[in-house]
Protein chains: 2
Amino acid sequence: MSDIAIAQQAQMRPIIDLAGEKLGIPAEHLDPYGHYKAKLSLEYVNNLTDREDGKLILVTAISPTPAGEGKTTTTVGLGDAINRLGNSAIMCLREPSLGPCFGVKGGAAGGGYSQVVPMEDINLHFTGDFHAIGVAHNLLSALIDNHINHGNALDIDSRRIQWKRVVDMNDRALRKITVGMGGPANGYLREDGYDIVVASEIMAILCLATSRVDLKERLGRIVIGYKSDRVTPVYASDLNAQGAMAALLKEAIKPNLVQTLENNIAIIHGGPFANIAHGCNTVTATKTALKLADYVVTEAGFGADLGAEKFLDIKCRMSGLKPSAVVLVATVRALKFHGGVAKEELNQENIDALQKGFTNLERHLDNIQRHYGLPCVICINHFTFDTDAEIALLKDKCEALGAKCVVSKHWAQGGAGAEELAQEVLAVVDNREPGFTYVYDEELPLWDKIETIATKLYGAIGITASPKVKAEINTLQQNHGKFPVCMAKTQMSFSTNPNERGAPSGHTVEISEVRLANGAGFIVAIAGDMMTMPGLPKVPAAERIDITDDGVITGLF
Amino acid sequence: MSDIAIAQQAQMRPIIDLAGEKLGIPAEHLDPYGHYKAKLSLEYVNNLTDREDGKLILVTAISPTPAGEGKTTTTVGLGDAINRLGNSAIMCLREPSLGPCFGVKGGAAGGGYSQVVPMEDINLHFTGDFHAIGVAHNLLSALIDNHINHGNALDIDSRRIQWKRVVDMNDRALRKITVGMGGPANGYLREDGYDIVVASEIMAILCLATSRVDLKERLGRIVIGYKSDRVTPVYASDLNAQGAMAALLKEAIKPNLVQTLENNIAIIHGGPFANIAHGCNTVTATKTALKLADYVVTEAGFGADLGAEKFLDIKCRMSGLKPSAVVLVATVRALKFHGGVAKEELNQENIDALQKGFTNLERHLDNIQRHYGLPCVICINHFTFDTDAEIALLKDKCEALGAKCVVSKHWAQGGAGAEELAQEVLAVVDNREPGFTYVYDEELPLWDKIETIATKLYGAIGITASPKVKAEINTLQQNHGKFPVCMAKTQMSFSTNPNERGAPSGHTVEISEVRLANGAGFIVAIAGDMMTMPGLPKVPAAERIDITDDGVITGLF
């Protein structure tokens with residue numbers, strides 16, 4: 001059965017009833033969106049401060065294949081299993097983007113019997129958060145060109161505007177565009193471009209903001225570009241934009257509650273895409289969940305080199321969150337892929353390739369244990385075609401490295417299939433104090449921060465950049481030297497070349513572009529030719545997605 | 001008190017309770033969006049067919065000033081008054097667009113004590129319908145460029161793509177753009193442009209579709225452009241886009257229920273902007289309301305030359321709806337404006353200007369009565385600064401034309417202020433069979449349809465077009481000759497010059513562009529230099545819109 005077919009058979013409980021029973025949240029603090037989605041009031045969130053925090057578990061993965069390794073699936077399965085074992089757990093997930101949904105990857109609400117529901121709604125618009133972020137972003141864009149059109153009192157250098165436009169769609173034709181064509185009535189001609197909504201600084205701001213006040217202040221601090229002296233920043237607050245933008249985000253800032261197939265609560269709030277953004281769910285959601293449950297299972301996108309790195313070095317650093325353990329998701333398929341097997345042959349046993357591709361897992365594990373000082377449980381997300389010999393080899397190799405390794409069948413069996421995983425994880429979590437070390441210190445210069453990430457985590461021998469980019473980094477160093485760095489890099493490889501599988505080393509990471517995200521409070525460093533607007537494949541998923549005459553969605557998986 | 005301050009004091013009832021009590025709608029057919037907005041299931045809508053229809057009342061206006069004449073306010077006040085008089089009435093309104101909300105006009109949910117609430121939510125995102133329309137539109141745009149990028153098997157002529165992109169924002173810089181810049185990875189360079197979401201053909205399709213099946217068929221029929229032979233149309237269905245687009249609209253197709261300040265039900269569904277679109281709420285909403293109440297009050301945007309014309313010649317023709325009467329909203333201020341008074345001096349008595357500007361009302365009235373054969377009640381939407389002498393003159397002049405004219409104070413007093421208006425309207429409605437005549441017959445050639453509208457309704461002596469546009473109209477005539485015409489014209493004047501106030505005559509209307517809206521089933525004829533993407537003013541409303549630390553929206557009016 002397809003994911004969507006399983007999801008459509010779910011016995012969902014009304015979310016307001018469920019949140020009341022499981023978490024004791026009064027109905028008046030929940031705004032329903034249909035009967036199975038709800039937003040939680042910030043007033044309720046703000047009144048939880050006196051409670052003790054639960055334990056935080058981070059689910060991350062090896063470098064994935066294009067289909068993903070099942071991080072969300074594992075997060076859901078593990079959370080369901082912890083609940084099955086008699087504990088209380090909440091899952092904190094990221095909201096899906098419409099881009100991959102209509103592109104290659106399909107939906108992003110888990111899979112098999114470890115899903116969050118209503119799956120169609122979560123994948124299509126959900127509670128409108130991404131649309132709100134997109135329109136808040138594009139309002140600022142419109143205000144910039146409008147300001148220049150009406151006389152440019154702020155003296156904005158139209159050649160140095162950093163603030164692009166966004167759309168929640170994979171649309172390569174919009175990566176680089178010319179706006180303002182067609183004569184004086186349409187304003188001034190200039191180069192511009194679109195990013196996908198999840199790459200918007202507003203997504204990062206929403207994910208990192210700690211209150212409505214903080215949100216608006218961060219929005220006001222956004223640097224949209226520079227004045228004609230080339231160095232004086234122009235802020236969103238110079239355009240009086242922050243109030244209207246915050247107004248547009250008035251609902252988006254509230255965490256969204258849904259349920260798993262096993263009727264456990266999941267909070268889905270904030271943005272995905274750890275390749276081009278920081279890729280974590282909101283701090284508000286994670287902190288709220290920690291007040292409401294003994295265990296919180298959250299995910300950080302793509303491989304641990306991207307997702308876990310940014311979760312730990314950006315999100316946790318800014319918010320004070322401290323995970324107790326990491327679950328590293330791997331699949332036999334992906335490890336064979338890293339061992340050089342073609343996509344079409346991944347269902348056939350291949351011990352040699354598995355052996356070879358294991359280097360990818362090994363480096364991620366080493367990064368988590370050695371560089372972050374976090375305990376790590378390896379979860380083999382089981383696929384039907386995995387052979388006993390392959391599984392045995394994998395377990396042996398993990399244990400040789402001193403790591404617990406559990407084969408988990410939550411995709412096929414739901415929480416019941418992840419009970420062993422849950423037991424291993426709880427054994428670790430319950431026996432240590434939360435905490436970890438950052439990979440770089442905030443006092444380190446920006447260049448050195450990037451270099452540290454590249455050399456320690458990516459296995460590179462160093463980083464390089466054009467004189468122009470180096471000069472930009474030097475300029476940013478003056479006023480923003482303490483900012484963490486948000487790396488934008490392909491998720492397919494430790495290097496900047498998506499085709500270099502396994503654990504490449506000795507490579508040099510080219511930083512091709514840097515961007516200041518002053519409201520978010522970090523510097524974006526783009527490695528290689530990573531793009532902040534994806535494209536669609538030759539046959540996009542959109543072509544198979546449909547709706548029946550009775551309103552049932554099909555083809556979404 | 002500002003509109004928003006009044007709205008925030010409203011004693012709202014939970015919408016599901018209210019819809020149950022007032023209309024007998026079972027809770028399971030309502031999807032809540034918060035506690036005060038809900039979507040009605042299509043299954044419930046489809047089960048109403050056996051019921052008798054109520055009477056339909058259309059509220060339209062004279063040519064407005066930039067602030068609007070209070071059509072929505074009057075629609076709400078009149079509906080509240082009909083309910084106060086012991087009858088059942090539902091108001092059918094159009095959803096606000098974010099463009100004018102952040103631009104000149106502000107919100108669009110009524111005013112004073114005749115508003116629909118929750119006012120902030122209705123103005124900001126509402127239930128996400130416009131975002132769904134926007135992203136469905138932009139998905140098709142992305143699929144077009146993606147198809148060309150991957151080999152263009154359909155042989156689309158990239159110079160003849162008609163399908164633009166959309167955003168729900170006033171953004172003049174996007175009117176004309178170049179996409180696909182930056183080299184091969186970004187596809188092929190071509191000219192493109194953005195319209196505001198309300199001008200999207202998908203908005204019209206959603207408003208005119210009669211079922212999910214009809215919606216998907218219409219989406220598939222969209223003509224996105226032509227093949228390299230220049231004449232063979234390329235349909236959205238050639239790109240297999242209609243299923244995914246319909247899936248994105250799965251919730252948007254359901255009517256939205258809210259309430260007025262007096263706790264009467266209003267259905268707000270579908271698109272505004274009768275200057276650049278057909279500008280009516282959805283057929284589904286209007287037909288549903290007619291099954292649920294004895295009287296349905298609906299609005300059609302801007303002046304009657306645009307709003308009422310398209311309501312009658314497009315929406316009613318396609319759906320079989322038959323209004324019983326028209327309410328023509330006028331203000332003393334706007335008539336003085338038409339008499340030549342500057343905006344800053346409209347609050348001062350000026351009998352001469354009123355006398356002179358009355359020609360605008362006179363022509364709208366004549367159009368409604370003579371060309372459509374509909375009875376018309378004139379509603380003077382009362383403003384504080386209106387003098388007794390001005391009101392007396394206005395009433396005299398209307399009565400000399402044989403038209404009932406009521407001074408209505410619903411803005412200040414709510415439904416109580418519109419009781420006299422309601423009595424006059426019901427007296428008319430209850431004493432005639434619903435029905436009217438179209439201004440043009442569907443068999444008339446396209447050119448003649450446009451000419452008929454221009455000469456009969458606009459007071460023009462004829463229409464003109466460049467040889468290129470004439471040739472395009474001739475081409476469209478071959479396969480789409482029976483389509484009605486959706487005029488895009490400034491709302492400020494009967495002519496194409498927004499500065500020609502009153503009732504200009506003897507002018508010639510230039511048709512500058514025609515577009516085929518094959519899914520909607522009409523031809524768009526753009527008159528003069530009307531633009532389908534507005535711009536922001538020098539000081540946009542966005543600058544004053546804000547949110548307090550407690551989450552209360554301010555500056556939205």
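Gly339(A) is buried in this predicted model, with a relative accessible area of 10%; buried denotes under 20% relative accessible area, exposed over 50%, and partly exposed the range in between, with a 1.4 Å probe and protein chains only. The residue Gly339(A) lies in the loop between helix 13 (332-338) and helix 14 (351-371) of chain A, where helices (H or I, at least four residues) and strands (E, at least two) are DSSP runs numbered from the N terminus. When neighbours within four places in sequence are set aside, Gly339(A) contacts Ala353(A), Lys356(A) and Gly357(A), contact being defined as heavy atoms within 4.5 Å. Between Gly339(A) and Tyr113(A), which are 226 residues apart in sequence, the C-alpha to C-alpha distance is 29 Å.

The model is predicted, and local features need pLDDT of at least 70, side-chain atom pairs count only at pLDDT 80 or more, and totals for chains, interfaces and linings use all residues. Residues are numbered from 1 along each chain as its sequence is written, chains are lettered from A and ligands numbered from 1 in the order in which they are written, and side-chain values use heavy atoms, with hydrogens and water left out.

Helix 14 of chain A also holds His364(A). With a relative accessible area of 0%, His364(A) is buried. Its contacts, apart from neighbours within four places in sequence, are Ala61(A), Ile62(A), Ser63(A), Gly303(A), Ala304(A), Asp305(A), Leu328(A) and Phe494(A).

An unreviewed UniProt entry lists Thr65(A), Pro66(A), Ala67(A), Gly68(A), Glu69(A), Gly70(A), Lys71(A) and Thr72(A) under "binding site"; UniProt positions are given in the numbering used here, feature names are shortened, and annotations may be inferred rather than shown by experiment. Thr65(A) is located in the loop between strand 3 (55-61) and helix 4 (71-84) of chain A, and Gly68(A) is likewise placed in the loop between strand 3 and helix 4. Thr65(A) counts as buried because its relative accessibility is 10%, whereas Gly68(A) is partly exposed at 24%. Beyond residues up to four places away in sequence, Thr65(A) touches Ala334(A), Phe337(A) and Met492(A).

Ile276(A) occupies the loop between strand 15 (265-268) and helix 11 (283-292) of chain A and is buried, its relative accessible area being 5%. Ile276(A) and Ile196(A) are 80 residues apart along the chain, and their C-alpha atoms are separated by 9.5 Å.

At the interface of the two chains, 73 residues of chain B contact 73 residues of chain A. The area buried between chain B and chain A is about 6100 Å², with carbon and sulfur atoms giving 62% of it; buried area is the accessible area (1.4 Å probe) that two parts lose on being put together, summed over both. Across this interface 6 salt bridges are found, a salt bridge being a side-chain nitrogen of Lys or Arg within 4 Å of a carboxyl oxygen of Asp or Glu. The side chains of Arg165(B) and Asp171(A) form a salt bridge, at 3.0 Å from N to O. On the side of chain B that touches chain A, helix 7 (residues 129-149) of chain B supplies the largest share, 10 residues. By class, that side has 35 nonpolar, 18 polar and 20 charged residues; Ala, Val, Leu, Ile, Met, Phe, Trp, Tyr, Cys and Pro count as nonpolar, Asp, Glu, Lys and Arg as charged, and the others, Gly among them, as polar.
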